[in-house]
Amino acid sequence: MPEPLQPHEPFDDGRAIDHTGAGGATDLAMEEGESLEKTPGGPLGTGPAGKPRSLWSDAWHDLRRNPVFIISGLVIIFLVIISIWPSLIASGDPLQCDLSKAQEGSQPGHPFGFNGQGCDVYTRTVYGARTSVSVGVLATLGVAILGSALGGIAGFFGGASDAVLSRITDVFFAIPVVLGGLVLLSVVTSSTIWPVIGFMVLLGWPQISRIARSSVITAKQNDYVQAARALGASNSRMLLRHITTNAVAPVIVVATIALGTYISLEATLSYLGVGLKPPTVSWGIDISSASQYIRNAPHMLLWPAGALAITVLAFIMLGDAVRDALDPKLR
């Protein structure tokens with residue numbers, strides 16, 4: 001007679017798998033999920049321990065792998081350093097001139113030559129970074145603060161305040177920037193940077209205001225804002241805690257790109273004679289004074305103009321990289 005069948009011994013590898021195929025598949029799926037959670041960094045789109053990344057951490061994750069951001073960031077860091085400590089790479093005095101060396105070319109210790117007054121072009125180019133970067137940064141901060149405040153108020157409260165601020169914005173949009181600078185700054189006799197910064201803030205805030213207004217209108221319609229309103233949150237708390245942090249990204253992008261524009265605008269106004277005035281050292285002033293000697297001594301124009309072009313390009317590239325990182329549609 002055939003031997004009776006022996007009872008089947010369940011396979012034991014340390015895991016409790018059900019006899020049914022569905023149970024085994026369920027346990028395997030659970031184990032794979034646990035191993036995925038234990039993987040450093042977690043699944044795609046999450047940070048350590050599987051926590052989801054925020055918009056800012058996700059943007060930083062992309063930016064530090066973007067060569068455009070790295071190159072432009074290094075250039076801007078270098079410009080900021082020489083703006084704060086120009087003596088690190090230029091030991092001379094930008095106002096010390098020798099007429100006997102006027103329009104002379106490169107010499108030992110003077111790699112960029114001399115301008116029409118006999119001043120060292122290299123030293124003036126280095127010290128000109130301080131003025132141009134200071135004007136661009138301070139004007140951008142003023143424009144961003146004023147424009148964000150007015151645009152945020154108009155977008156959040158709406159109604160009459162939105163209508164009034166929108167019409168005021170339209171009026172300022174209708175003023176040509178260069179023509180407005182020629183009119184307003186022509187009566188200013190101060191040689192400091194503050195009149196130029198004030199003019200840029202006065203005519204620059206409408207663009208940021210429009211961006212901030214549209215961002216706030218979009219953000220206040222989100223569910224988390226409606227939930228905060230239903231829980232009794234005040235207008236100031238909703239605007240500062242919930243809306244501003246989620247509507248500020250477009251403002252940062254536009255302000256970063258506009259910073260380069262303000263630097264070039266300062267050079268344009270100085271070139272036309274209504275911006276910064278001597279003895280202030282500025283790339284725009286040097287370009288203006290060198291334009292009449294471009295045939296005989298082109299080095300007087302090329303070096304400050306090249307520094308201006310590199311600076312503006314670096315800030316525009318930085319703004320483009322930040323925009324790509326903060327725009328979810330481009331992911």
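Is Trp303 buried, partly exposed or exposed, and at what relative accessibility? The points below take up this residue and its surroundings, then a cavity and a helix.

1. Basis of the note. The model under discussion is predicted. Every value quoted here is therefore a computed one, and side-chain values rest on heavy atoms, with hydrogens and water left out.

2. Accessibility of Trp303. The relative accessibility of Trp303 is 38%, so the residue counts as partly exposed. Phe112, by contrast, has 16% and counts as buried, because the cut-off for that class is under 20%.

3. Stacked pair. Trp303 and Phe112 have ring centres 3.8 Å apart and planes at 5°, so this pair is stacked.

4. The structure holds five aromatic pairs. In one of them, Phe112 and Tyr122, the ring centres lie 5.1 Å apart and the planes meet at 80°, so the arrangement is edge-to-face. This pair also links distant parts of the chain: Phe112 is in the loop between α3 (67–84) and α4 (121–157), and Tyr122 is in helix α4, ten residues apart.

5. Aromatic cluster. Phe112, Tyr122 and Trp303 form one aromatic cluster. Phe112 takes part in both of the pairs described above, with Tyr122 and with Trp303.

6. Cavities. Searching the whole structure gives three cavities of 30 Å³ or more. The largest share, three residues, is that of α11.

7. Which classes of residue surround the largest cavity? Three of the lining residues are nonpolar, two are polar and two are charged.

8. Helix α5. This helix covers residues 159–173, 15 residues in number. From first C-alpha to last it reaches 21 Å, close to the 21 Å expected at 1.5 Å a residue.

9. Faces of α5. Asp162, Leu165, Ser166 and Thr169 are buried in this helix. Viewed down the axis of α5, the buried residues fall within an arc of 105°, so they line one face of the helix. Ala160 and Val171 are exposed on the other side of α5.

How values were computed. Residues are numbered from 1 along each chain as its sequence is written. This is a predicted model: local features need pLDDT of at least 70, side-chain atom pairs count only at pLDDT 80 or more; totals for chains, interfaces and linings use all residues. Rings of Phe, Tyr and Trp (its six-membered ring) pair if their centres lie within 6.5 Å; planes under 30 degrees apart count as stacked, over 60 as edge-to-face and the rest as tilted. Helices (H or I, at least four residues) and strands (E, at least two) are DSSP runs, numbered from the N terminus. Buried means under 20% relative accessible area, exposed over 50%, partly exposed in between (1.4 Å probe, protein chains only). On a 1 Å grid over the protein atoms alone, a cavity is a set of points where a 1.4 Å probe fits but cannot get out, and a pocket is an open set with protein on both sides within 12 Å along at least five of seven lines; lining residues have an atom within 4 Å of a point. Grid points are joined across faces, edges and corners, and a volume is the space filled by probe spheres set on the points. Ala, Val, Leu, Ile, Met, Phe, Trp, Tyr, Cys and Pro count as nonpolar, Asp, Glu, Lys and Arg as charged, and the others, Gly among them, as polar. The expected span of a helix is 1.5 Å times one less than its number of residues. The arc is that of the directions from the helix axis to the C-beta atoms.
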